[in-house]
Amino acid sequence: MKELDMAKKIYQNIKVPAELNERINKELKKSESNQNTGTVKKAVHSRLKICITAAAACIALFITALNTNAVFAENAKRLPVIGQVAKVLTLRSYEETDKDKTIKVTLPEVASEASVAEQINKLIEEKSKTYTKEAAERVQEYKDAFLETGGTEEEFSKKNIKIKVDYDIKYQDTDLVSFVLYGAESWVSAYDFNTFFNIDLKNDTEVTLRDLLGPDYIEIANQSIKEQMKQRLAENPDNMYFTTEEGGFTSIDSHTKFYINEKKNPVIVFDKYEVAPGSMGIQEFEIIKK
Amino acid sequence: MKVLGESVYAQLTEYITGSQNSFYRLAYSYLGNREAALDAVQNSVCKALENYQSIRNPEFLKTWFYRVLANECIAYRKKYQRDLPLEEKLVQKDFYYQKEFEAGLNLYEKVNRLPDKFKTIIILHYYEDMTLKEISEITNVNLNTVKTRLYAGIKKLQKAMKGEELL
């Protein structure tokens, strides 16, 4: 039967993307480390490192206290120096656990009269709400499939699935704040999100790359990113970026994600798979103004 | 017990690494979309690695994995049905397509349009060269039903090829 043979040939000639192997290796690695430790790996995002100078420790303590005590927060705002620094605070933090999962949410709030702050606070709350709702639905679907394929309720509980929404402050002073809101699920990484907020509180606007790098910001950033990619490729032969034909990096635009680091330089962020294979993870490029 | 568990795990990871291309082709046939097929295979691997303890006998590893994969594909399509473009025709860039395949193109597309219960059996049996017994384990239906469905599927295809039935 020639037709069937040829149909089989077509089937066998389905192109398998190189990405498949990367994705599978990632799952194998994840599973292997779980095998070794016997625990479910926590969310991948690394917390912002706080320098342990006396002053920084002091500020960190104040922020913790601020977050837990409204009266203290009111007073702290009036204190010189410290009151000025604490612009991004935890609005609320809660944890919900049922037999299938734990949802842990830490929501930031920009403490400012600026109207842009108000909009962003609203956005943060909506984003977190939608994400946790959808994540809970995904867990339910996973559970249904798990039970259908012969798993038990008890085994599913043991997976100890966690859903997390949290934030990291990247930079803050009296007039300027930069932070990232992110969500992650312990059992699957495909739905992770990160949203960056850069706010000029003094002028009540969101900071753009143009504000930081000038009218030629696209060119400046592109050149710097390309140089840094070249350098990273030279440093490690395992590093790899997609070529232009593969949908790799061509140019940034006004919507490209970035945050502001402690040196007040913009850092451009590409999600996993955006410019490089998944094994390269999230790619960040600090753009130094010349 | 522990030693057995570890060896099943080792066998599973080896099997997954070695047969990943087959997994992808099956997923692609179900979903007709590159990204969706990648997601479905990855999710299946993730689930398989978490649940391998439920495999009592390493002999059933292959059929067990295919069952996870087939279920995942069907679940994926149900969930994202609206987002998946309906590819009536074969997307040539997703294949190493050669002109000589032309004769099978019509049949290939018709197989993909069969209802799942027939399609799974035809693909696994004719494309992946699995025995009907293996297919019965994968689809979780008894051997006689598999046979009946295989013949019913072939009949549907024959009719469709003659233009007597629309798929």
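User: What follows helix 6 of chain A?

Analyst: In this predicted model, helix 6 of chain A is followed by Gly150(A), which has a positive phi, near 100 degrees.

User: And what span should the 34 residues of that helix have?

Analyst: At 1.5 Å a residue, helix 6 of chain A should span 50 Å, and its end C-alpha atoms are 50 Å apart, which agrees.

User: Which residues in helix 6 of chain A are buried?

Analyst: The buried ones are Ala117(A), Ile120(A), Ile124(A), Ser128(A), Tyr131(A), Ala135(A), Val139(A), Tyr142(A) and Phe146(A). What covers them includes strands 2, 3, 4 and 5 of chain A, together with helix 7 (153-158) of that chain.

User: Switching to the two chains, how many residues are in contact?

Analyst: In chain A, 33 residues are in contact with 38 residues of chain B. On the chain A side, helices 1, 2 and 6 each supply at least two residues, and the largest share, 10 residues, comes from helix 1. By class, that side of chain A has 14 nonpolar, 7 polar and 12 charged residues.

User: Now chain B: at what angle do helix 3 and helix 6 cross?

Analyst: Their axes cross at roughly 50 degrees and come within 8 Å, and the two helices of chain B are therefore oblique to each other. The crossing is right-handed.

User: Which residues meet there?

Analyst: From helix 3 of chain B, Thr63(B), Tyr66(B), Arg67(B) and Ala70(B) meet Glu134(B), Glu137(B) and Ile138(B) of helix 6. By class, this contact has 3 nonpolar, 1 polar and 3 charged residues.

Technical notes: Residues numbered from 1 in each chain as written. Chains lettered and ligands numbered in written order. Predicted model: local features only at pLDDT ≥ 70, side-chain atom pairs only at ≥ 80, totals over all residues. Axes fitted to C-alpha atoms, helices over the stretch in contact; angles between N-to-C directions. Helix = DSSP H or I, 4+ residues; strand = E, 2+ residues; numbered from the N terminus. Parallel < 35°, antiparallel > 145°, perpendicular 65-115°, else oblique. Left-handed = near helix turned anticlockwise from the far one by under 90°. Contact = placed C-beta atoms within 7 Å. Nonpolar A, V, L, I, M, F, W, Y, C, P; charged D, E, K, R; others polar. Expected span 1.5 Å × (residues − 1). Buried ≥ 20, exposed ≤ 12 C-beta atoms within 10 Å, placed from the backbone.
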